Amino acid sequence: MNHSVINVGQIRIRYLVDGSQAGGLGLFEMNVPSGAHVPPPHSHTDNEECVYVLEGVLRYTVDAETRDLKPGEWMSTPRGSVHQFGNPGSAPARALVMMTPDIGAQFFVDVAALAAAGGPPDRARLAAIMTRYGLVPAAPKFMQVQ
């Protein structure tokens, strides 16, 4: 697996283990600049996720619990739980994200292509990509991470 970087808007993803082909564990590094545009709140139909912060502060919300995760802290997302993240700090945040079974790097490639199209995000196309990979967008009013 090459460890190429996928830029999804302002967020940088570097896949370390793409488990999507074998239905196994996936691992990627995620860099989130301060104030970056982040994915909408969503859940995973078939996947569990764990976020482990390496640098900076990542505000992570799972269902009704929100925490500002610092280096060495982590939070898991059971399948079906609505989650969202953001970077409330002034420095970039860097985290390892583990997912099982993995949705794979291709999801981020597809979303990156949509983000690179320019203009306001096409929410219908984003929802279609998310759905194809088993992600379920949450109701717009469910949560807001500042």
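This briefing walks through the core, the strand pairing and a few backbone details of the structure above. The model is predicted, so local features need pLDDT of at least 70 and side-chain atom pairs count only at pLDDT 80 or more, while totals for chains, interfaces and linings use all residues. Residues are numbered from 1 along each chain as its sequence is written, and side-chain values use heavy atoms, with hydrogens and water left out.

**The nonpolar core**

- A nonpolar core here is a set of buried Ala, Val, Leu, Ile, Met, Phe, Trp, Tyr and Cys residues joined through side-chain atoms within 4.5 Å.
- Buried means under 20% relative accessible area, exposed over 50%, and partly exposed in between, using a 1.4 Å probe and protein chains only.
- The largest such core has 33 residues, and those touching the most other members are I13, M30, L58, Y60, F107 and F108.
- At least two core residues come from each of β1 (5-8), β2 (11-17), β3 (26-32), β5 (48-55), β6 (58-62), β10 (93-100), α1 (105-115) and α2 (123-132).
- With 6 residues, α1 gives the most to this core.
- These elements are DSSP runs numbered from the N terminus: helices are H or I with at least four residues, and strands are E with at least two.
- Leaving aside residues up to four places away in sequence, I13 touches S4, V5, I6, V8, F28, E29, M30 and F108, where contact means heavy atoms within 4.5 Å.

- Strand β3 is largely enclosed by the rest of the structure, because 6 of its 7 residues are buried.
- Two strands count as paired if DSSP finds at least two bridges between them.
- On one pairing, β2 and β3 run antiparallel over 5 bridges, and Y15 stands opposite F28 in β3.
- Another pairing, also antiparallel, joins β3 to β10 through 7 bridges, with A93 in β10 as the bridge partner of V32.

**Backbone details worth a look**

- Most residues other than glycine have a negative phi, and most peptide bonds are trans.
- The peptide bond from T100 to P101 is cis, with omega near -15 degrees, and P101 sits in the loop between β10 and α1.
- D63 is not a glycine, yet has a positive phi of about 50 degrees.
- The loop between β6 and β7 (65-69) holds D63, which is partly exposed at a relative accessible area of 35%.

- A116 lies in the loop between α1 and α2 and counts as exposed, at 68% relative accessibility.
- Although A116 and V8 are 108 residues apart in sequence, their C-alpha atoms are 8.0 Å apart in space.
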